[in-house]
Amino acid sequence: VVSTQSTGTTHDGRTIRYPDPLIKMHDTVKVDIATNKAVDYIKFEPGNLAYITGGQNCGRIGIITHKEKHPGSFDIVHVKDSVGHSFATRLTNVFPIGKGKQAWVSLPRGKGVRLSIAEERDRKLAAKAKEM
């Protein structure tokens, strides 16, 4: 949400009149479509669950650990997934989807964890051995 004084604009072009003053840029807002009012929101802060929407880590899900500010360049956000792998991406690629570890949306089967090439190979070999 991008907030001005009396309105806020969502990523899909909706305008929310008189949003909560605690809602800031990059926060996620749950909107009641019938009334077009903000029902709840998730702050963009360390400790919250986030989905990566772009870049090399697209599709991964993890907990925001910290944010680095780089004046004149892209701000970087560090994220740690449920397996313990840490990675970094641009601020614009991070979308908060849950407060703490509790997601507001249903997660995919792999819970947004990317396996290494060796781990993926071992998983496929185990599945093939199970079939035989």
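Predicted model: local features only at pLDDT ≥ 70, side-chain atom pairs only at ≥ 80, totals over all residues.
The accessible surface of this chain comes to about 9100 Å², and 55% of that surface belongs to carbon and sulfur atoms. Of the 132 residues in the chain, buried ones make up 27%. The radius of gyration is 18 Å, whereas a compact globule of 132 residues would have a value near 14 Å. Taken along the principal axes, the box filled by the C-alpha atoms is roughly 65 × 40 × 25 Å. As for contacts between residues at least 6 apart in sequence, 38% of them join residues at least 24 apart.

Let me turn to the secondary structure. The chain has eleven strands and one helix. In order from the N terminus, the elements read β-β-β-β-β-β-β-β-β-β-β-α.

Strand E4 covers residues 28–32, and strand E5 covers residues 37–42. The two pair in the antiparallel sense, over five bridges. Four residues lie between the two strands of this hairpin, and asparagine 36, in the turn, has a positive phi of about 60°.

Histidine 26 has a positive phi of about 80°, although it is not a glycine. By way of background, most residues other than glycine have a negative phi. Histidine 26 is found in the loop that runs between strand E3, residues 15–17, and strand E4. Its relative accessibility is 29%, so histidine 26 counts as partly exposed.

Threonine 28 has its place in strand E4. Is threonine 28 buried or exposed? Its relative accessible area is 11%, and the residue is therefore buried, the cut-off being under 20%. A polar atom of the threonine 28 side chain lies 2.7 Å from the backbone oxygen of proline 96. Leaving out residues up to four places away in sequence, threonine 28 touches Asp40, Tyr41, Ile42, Phe95 and Pro96.

Next, the open sheet. Six strands form it, in the order E9-E8-E7-E6-E10-E11, with antiparallel pairing. Which strands lie at the edges? They are E9 and E11, the latter being residues 102–103, and each of them pairs on one side only.

Within the sheet, E6 has two partners to discuss. Strand E7, residues 61–68, runs antiparallel to E6 and is joined to it by three bridges. In that pair, leucine 49 stands opposite isoleucine 63 of E7. Strand E10, residues 94–99, also pairs with E6 in the antiparallel sense, here over four bridges. The bridge partner of tyrosine 51 in E10 is phenylalanine 95.

Isoleucine 76 stands opposite arginine 90 in E9. Threonine 89 also belongs to E9, which spans residues 86–90. With a relative accessibility of 8%, threonine 89 counts as buried. Its side chain makes a polar contact of 3.2 Å with the side chain of asparagine 93. Beyond its neighbours within four places in sequence, threonine 89 is in contact with Ile52, Gly54, Asn57, Asp75, Ile76, Val77 and Val94.

In soluble globular proteins, nonpolar side chains tend to be buried together. Which residues make up the largest nonpolar core here? There are nine: Phe44, Ala50, Ile52, Ile64, Val77, Val79, Phe87, Leu91 and Val94. The elements that give two or more residues to this core are E8 and strand E6, residues 49–52. Apart from this core lies another, of five residues, including Leu49, Ile61, Ile63 and Ile97.

Alanine 50 is a member of the largest core. Not counting residues up to four places away in sequence, alanine 50 touches Arg60, Ile61, Gly62, Ile64, Val94, Phe95, Pro96 and Ile97. Two of the residues in that list, Ile64 and Val94, belong to the largest core, while Ile61 and Ile97 belong to the other one.

Conventions: Residues numbered from 1 in each chain as written. Heavy atoms only, no water. Buried < 20%, exposed > 50% of the residue type's maximum accessible area, 1.4 Å probe, protein only. Polar contact = N/O pair within 3.5 Å; in protein donor to acceptor, adjacent residues only side chain to side chain. Contact = heavy atoms within 4.5 Å. Pairing = 2+ DSSP bridges. Rg over C-alpha atoms; globule rule 2.2 N^0.38 Å. Areas by Shrake-Rupley, 256 points an atom, 1.4 Å probe, with all protein chains shown as cover. Core = buried A, V, L, I, M, F, W, Y, C linked by side-chain atoms within 4.5 Å.
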